[in-house]
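Thank you all for making the time this morning.

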Amino acid sequence: MAATAEPALLRFGVVGAGAGRGGPHQLLGEMATELPALGATISALCDPNESALRAAAETVGLDPAERCFSDYLAMLDSGLVDAVLIATPMEFHAAQTIEARSDRHFILSRSVPHTKLISLCGAGS
């Protein structure tokens with residue numbers, strides 16, 4: 001009887017992985033622990049604050065040199081992510097969502113008004 005291959009984990013990139021409001025990386029740590037049981041993993045991080053990014057990488061056990069990005073688009077183009085958790089300040093959500101949804105799933109840490117997404121997409125005009 002042939003062995004069944006394990007399904008590949010869904011690879012999440014987290015944008016806005018820094019401390020943000022100065023809080024600890026508790027959520028990232030919980031995600032890194034709990035996602036594998038759900039068939040997913042944190043595979044890349046992005047934040048413009050280098051020290052916050054390094055701290056987040058340590059929290060989830062990622063190599064900062066290979067899996068951390070200061071540029072959101074570079075992370076999307078890296079081939080390391082299948083889905084994106086957008087946890088940046090609200091004013092960046094709409095544009096980052098549009099870029100992320102081109103060929104991957106995305107989750108927002110807060111909702112974006114649909115009218116903002118529609119206007120940025122140029123729909124309805």
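I will take confidence, then the strands, the helices, the cores and finally the cysteines.

Please keep in mind that this is a predicted model, in which local features need a pLDDT of at least 70 and side-chain atom pairs count only at pLDDT 80 or more, while totals for chains, interfaces and linings use all residues. Residues are numbered from 1 along each chain as its sequence is written, and side-chain values use heavy atoms, with hydrogens and water left out.

Let me start with confidence. pLDDT is the predictor's confidence in each residue, on a scale from 0 to 100, and the protein chain averages 77, with 68% of the residues scoring at least 70. When I speak of helices and strands, I mean DSSP runs numbered from the N terminus, with helices being H or I runs of at least four residues and strands being E runs of at least two. Confidence is highest in strand E3, at a mean of 96, and lowest in helix H6, residues 114-121, at a mean of 46. Over residues 114-125 the pLDDT stays under 50, and for that stretch the model has 11 contacts beyond four places in sequence, a contact being heavy atoms within 4.5 Å. Where pLDDT is low, the predicted coordinates should not be read in detail.

Now to the strands, where I call two strands paired if DSSP finds at least two bridges between them. Strands E1 and E2 run parallel and are joined by six bridges; among the facing residues, Leu10 has Ala40 of E2 as its bridge partner, and Arg11 stands opposite Thr41 in E2. E1 also pairs with E4 in the parallel sense, over four bridges, and here the partner of Val15 is Ile86 in E4. E2, for its part, pairs with E3, residues 68-69, again in the parallel sense and over two bridges, with Leu45 standing opposite Cys68 in E3. E2 is mostly covered, since six of its seven residues are buried, where buried means under 20% relative accessible area, exposed means over 50%, and partly exposed lies in between, using a 1.4 Å probe and protein chains only. By contrast, Ala8, in the segment before E1, is exposed, with a relative accessible area of 73%.

Which residues of helix H1 are buried? In H1, which spans residues 26-34, they are Leu28, Gly29 and Met31, and they cover an arc of only 160 degrees around the axis, which puts them on the same side of H1; the arc is that of the directions from the helix axis to the C-beta atoms. The face of H1 turned away from that side carries the exposed residues Gln26, Leu27, Thr33 and Glu34. The cover over the buried residues of H1 includes E1, E2, H2 and E4.

In H2, the buried residues are Ala52, Leu53, Ala56, Ala57 and Val60, and, seen down the axis, they fall within an arc of 140 degrees, so they line one face of the helix. As a reminder, an α-helix has 3.6 residues a turn, so residues three or four places apart point the same way. The elements covering the buried residues of H2 include H1, E2, H3 and E3. Just after H2, Gly61 takes a positive phi of about 80 degrees.

These elements meet in a nonpolar core, by which I mean a set of buried Ala, Val, Leu, Ile, Met, Phe, Trp, Tyr and Cys residues joined through side-chain atoms within 4.5 Å. The largest core has 17 residues, of which Val14, Leu28, Ile42 and Leu45 touch the most other members. E1, H1, E2, H2 and E4 each give two or more residues to this core, and H2 gives the most, with four. A second, separate core of 11 residues includes Phe69, Leu76, Leu80 and Val81.
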